[in-house]
Amino acid sequence: MTPEAAESDVIIVGAGMVGTALACLLGQAGVSVSLVDARSGPVEADTAGRGAADRRVSALTPVSQRLLEGLGVWERMQKRRVTPYHHMQVWDGEGSGEVSFSADQAGLPVLGHIVENDVVVAALEARLSELPSVQCHFAARVAGLERRSGASALTLEEGGSLVAPLVVAADGARSPLRELAGIATQCGETGQVAVVTSVRCERPHGGVARQAFLADGPLAFLPLTLQGDARHCSIVWSTSPAHAEHLVALSPQALGAELEAGIGGHLGAVTPTDRAVSFPLTQRHAERYTQPGLALVGDAAHSIHPLAGQGANLGLMDVAVLAEELLTARRRGLALSDEAWLARYARRRRGDNAVMLRLMDAFRVLFGTRQPALTLARNLGLSSVDRLGPLKRLLMQQAAGRRGRLPASCR
Ligand SMILES: Cc1cc2nc3c(=O)[nH]c(=O)nc-3n(C[C@H](O)[C@H](O)[C@H](O)COP(=O)(O)OP(=O)(O)OC[C@H]3O[C@@H](n4cnc5c(N)ncnc54)[C@H](O)[C@@H]3O)c2cc1C
């Protein structure tokens with residue numbers, strides 16, 4: 001450790017949605033934070049949520065919304081762009097099973113909101129600029145991690161170092177910090193690739209999030225109203241690598257025709273408004289979430305198939321719990337590197353995330369099968385869920401993020 005290293009209580013590596021939300025939670029409680037990210041600077045605040053749609057969107061649950069409201073961030077997002085959805089329709093494109101959910105049935109004002117990732121980050125960054133205890137370091141890439149006598153030192157590729165009792169890895173699914181710390185992951189290849197793009201449809205989306213399970217994987221049309229025009233949707237098509245390659249190579253007209261057919265013509269003709277790009281989908285789960293002086297959150301701890309739109313929601317729940325435990329430890333005079341309170345964070349989050357990862361894997365396998373018996377079972381299953389009121393309500397509450405003991409910031 002060099003004597004000139006900048007010191008703070010917590011270093012957060014990764015200023016995506018999850019790391020920036022944690023910086024806000026800690027910063028508003030007066031904890032000194034260094035937030036480090038490799039990207040060149042803050043999100044383009046003038047354009048986020050004002051012009052064309054960001055290709056990366058997330059379906060945020062009412063529980064995540066509550067967290068962002070408490071941070072004073074949700075209102076800023078609303079001023080840019082968020083699209084509520086009140087209904088969800090899920091059907092088996094290879095059979096007859098169908099289930100539909102509505103906010104009324106769940107006793108909720110909305111099932112969730114579709115938000116562009118850059119809108120969330122821009123609003124969080126605006127809040128951060130009001131918190132004097134948070135220092136942002138952009139264009140800073142982590143090169144090394146050293147642990148010595150109750151403190152961790154991070155060296156940066158660009159030179160200089162940062163020191164704190166606690167380092168939090170929020171640096172995404174491939175987390176370089178997790179690697180530096182030597183934490184292994186259980187890795188499950190999904191055999192699928194996500195193709196994402198934005199489209200305008202002939203018919204309005206009607207505030208409905210739609211998902212069809214097709215032969216190669218699920219196709220989602222997520223409602224995203226742009227400048228008052230409710231005919232726009234964001235697309236996530238999880239499919240085989242060969243089909244993904246085919247989709248991204250299509251002309252806009254041919255892609256629109258495949259999307260229209262895939263969603264069963266529910267929205268009429270579909271016109272892509274953006275290029276289609278693809279991401280490989282790998283499920284990873286870190287074997288441990290903590291070690292002395294280090295915690296993993298968000299995709300650095302778990303990356304999950306997007307079919308139920310849970311990744312960012314789980315990450316936001318991680319940081320709500322981590323901040324709650326850290327602030328309690330601080331009030332009790334415990335060191336921020338103390339293993340006992342870090343273990344409480346891991347206990348509260350790892351089991352919940354593991355259940356969700358297994359559930360997504362089971363869905364993917366069940367809907368990826370062409371075996372007649374399983375196809376029949378899933379069609380009967382979907383239709384039974386649709387008819388069974390209490391089970392359906394339970395599933396809706398779960399999808400809305402109401403699982404287990406929620407941290408105070410999300411209640
Ligand atoms: C197609 C698709 C659809 C999805 N849909 C949904 C959805 O509907 N709902 C939902 O909840 N989730 C969804 N997700 C998941 C969601 O996008 C992620 O869970 C979420 O963005 C993870 O946020 P994060 O902040 O943990 O990581 P990231 O957003 O990956 O941020 C990591 C940050 O770390 C920085 N970084 C990386 N390496 C370094 C380094 N060496 N030094 C410094 N900085 C570094 C990066 O620059 C980046 O800013 C979807 C994902 C995909 C792929």
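**Close-up views of a predicted model**

**View 1. The turn between E11 and E12.** In the hairpin of E11 and E12, Gly159 takes a positive phi near 105°, and there are 4 residues between the strands. This comes from a predicted model, as do the other views. The two strands, E11 and E12 (residues 161-164), pair in the antiparallel sense, with 4 bridges between them. To get your bearings, find Leu154, which stands opposite Leu162 in E12.

View 2. Look for Val142, whose bridge partner in E11 is Leu156. Here the hairpin has 2 residues between the strands, and Ser149 is the one to spot, with a positive phi near 35°.

**View 3. The open sheet.** Six strands line up here in the order E9-E3-E2-E13-E21-E20, making an open sheet with mixed pairing. At the edges sit E9 (134-137) and E20 (290-291), each of which pairs on one side only. Zoom in on E2 (residues 10-13) and E3 (residues 33-36): they run parallel and are joined by 4 bridges.

View 4. Helix H1 lies across E2, E3, E9 and E13 (166-169). Relative to E3, H1 runs at about 165°. Angles over 145 degrees count as roughly antiparallel, so that is the label for H1 and E3.

**View 5. H1 against H5.** Helix H1 (residues 17-27) packs with helix H5 (residues 117-128) at an angle of about 25°, and their axes are 9 Å apart. The two helices are therefore roughly parallel to each other, and their crossing is left-handed. On the H1 side, the contact is made by Met17, Thr20, Ala21, Ala23 and Cys24. On the H5 side, look for Asn117, Val120, Val121, Leu124, Glu125, Arg127 and Leu128. Sorted by class, the H1 contact with H5 comes to 8 nonpolar, 2 polar and 2 charged residues.

Technical notes. Residues numbered from 1 in each chain as written. Predicted model: local features only at pLDDT ≥ 70, side-chain atom pairs only at ≥ 80, totals over all residues. Heavy atoms only, no water. Pairing = 2+ DSSP bridges. Axes fitted to C-alpha atoms, helices over the stretch in contact; angles between N-to-C directions. Parallel < 35°, antiparallel > 145°, perpendicular 65-115°, else oblique. Left-handed = near helix turned anticlockwise from the far one by under 90°. Contact = heavy atoms within 4.5 Å. Nonpolar A, V, L, I, M, F, W, Y, C, P; charged D, E, K, R; others polar.
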